[in-house]
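Here is a friendly walk through one protein chain, written to be read with the coordinates open beside you. Please have your viewer ready.

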Amino acid sequence: MSWGANAIFIAATECAVAWAAQSPLAHVAYVVRRLPDHAWYRREWKHDVGAEGLLVLRPVGHPNAYGMNNGVVWNTLIPDRFTTPDTVVSAQLHAYLAELGMEEECPPADFRRWLQSVAAELGQSIVFYSCSMWAGDIEHEYVLAYGAGERLHVTRQDAAGQMIGHDALRKGLAEVSVHLPTGYFALHTGGFDWASHALMKG
């Protein structure tokens, strides 16, 4: 069974939510202020979504990525101002995806510039998360984080499929003040009620 996620996470400040409502991504915007108690099947999994809540734009990414039906393709997001993607991050991300045979899924430079321009406009951190899995194994998982520059977090595994260091999701969400005590993220469970958190109702 395959699974994937491609999303943008931003702290749900008043400014960020107002921006999302006026943006071309309003129809894929969700505001999660709190998580239901029934999401916790194990006590150690319990986490929150930060003091401001979490603004999630999903799905946003590669046109052929998992779950991209009715999503926003990253090629359509063009920055209003010019910024230069970090060349070190570019090399690291390309090397990571090439190692997995997925270099064609590198996000385009304009999309990365757009993410940086949104972070600058809002004056707060913004992260892009991309992950694909097959039969429970991670195929790829990385985060691009923007605020004071551009940063990359990747999930690496050894030959036995065991994680090396921290996973990209936890590192990325910490950039927007969401701290996961474990790798469990309630918003990635199959039964999460996205419709009730839609920014644009009806």
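## A stacked pair

At 14% relative accessibility, Tyr 184 counts as buried (buried means under 20% relative accessible area, exposed over 50%, and partly exposed in between, with a 1.4 Å probe and protein chains only). This is a predicted model, in which local features need pLDDT of at least 70 and side-chain atom pairs count only at pLDDT 80 or more, while totals for chains, interfaces and linings use all residues. Residues are numbered from 1 along each chain as its sequence is written, and side-chain values use heavy atoms, with hydrogens and water left out.

By the ring rule used here, rings of Phe, Tyr and Trp (its six-membered ring) pair if their centres lie within 6.5 Å; planes under 30 degrees apart count as stacked, over 60 as edge-to-face and the rest as tilted. The count comes to 11 aromatic pairs. One of them is tilted: Phe 9 and Tyr 129, with 6.3 Å centre to centre and 40° between the planes. Phe 9 belongs to strand S1 (residues 2-11) and Tyr 129 to strand S6, so this pair ties together parts that are 120 residues apart in sequence. Phe 9 is buried at 2% relative accessibility, and Tyr 129 is buried with a relative accessible area of 2%.

Back to Tyr 184: its ring centre is 4.2 Å from that of Trp 45 and the planes are at 10°, so the pair is stacked. Trp 45 lies in the loop between strand S2 (29-32) and strand S3 (54-57), and Tyr 184 in the segment after helix H4 (168-174), so the two tie together parts 139 residues apart in sequence. Helices (H or I, at least four residues) and strands (E, at least two) are DSSP runs, numbered from the N terminus.

## Cores and a helix face

Which residues have the most contacts inside the largest nonpolar core? They are Ile 8, Ile 10, Leu 55, Leu 57, Phe 111, Trp 114 and Tyr 142, in a core of 35 residues. Such a core is a set of buried Ala, Val, Leu, Ile, Met, Phe, Trp, Tyr and Cys residues joined through side-chain atoms within 4.5 Å. Helix H3 (residues 109-122) gives the most to this core, with six residues. Apart from this core lies another, of 28 residues, among them Leu 54, Cys 131, Ala 145 and Ala 198. In soluble globular proteins, nonpolar side chains tend to be buried together.

Leu 57 is in contact (heavy atoms within 4.5 Å) with residues including Asn 6, Ile 8, Trp 19, Leu 25 and Val 28, not counting residues up to four places away in sequence.

In helix H1 (residues 14-21), the buried residues are Ala 16, Val 17, Trp 19 and Ala 20. These cover an arc of only 160° around the axis, which puts them on the same side of H1; the arc is that of the directions from the helix axis to the C-beta atoms. An α-helix has 3.6 residues a turn, so residues three or four places apart point the same way.

Strand S6 (residues 126-134) is mostly covered, with seven of its nine residues buried. Nine bridges pair S6 with strand S7 (residues 137-147) in the antiparallel sense; two strands pair if DSSP finds at least two bridges between them. Across this pairing, Ile 126 has Tyr 146 of S7 as its bridge partner, and Tyr 129 has Val 143.

S7 also runs antiparallel to strand S8 (residues 149-154), joined by six bridges. A hairpin through one residue joins S7 to S8, and Gly 147 stands opposite Gly 149 in S8.

What lies under the charged end of Arg 58? One ring is that of Tyr 30, with the charge 5.6 Å from its centre. Arg 58 also lies over the face of Trp 194, at 4.2 Å from the ring centre. A charge sits over a ring if NZ of Lys or CZ of Arg is within 6 Å of the ring centre and within 35 degrees of the ring normal.

The peptide bond from Arg 58 to Pro 59 is cis, with omega near -10°, and Pro 59 is found in the loop between S3 and strand S4 (60-61). Most residues other than glycine have a negative phi, and most peptide bonds are trans. Asn 70, in the loop between S4 and strand S5 (72-73), has a positive phi near 65° and counts as exposed at 71% relative accessibility. Ser 177, in the segment after H4, also has phi near 65° and is partly exposed at 47% relative accessibility.
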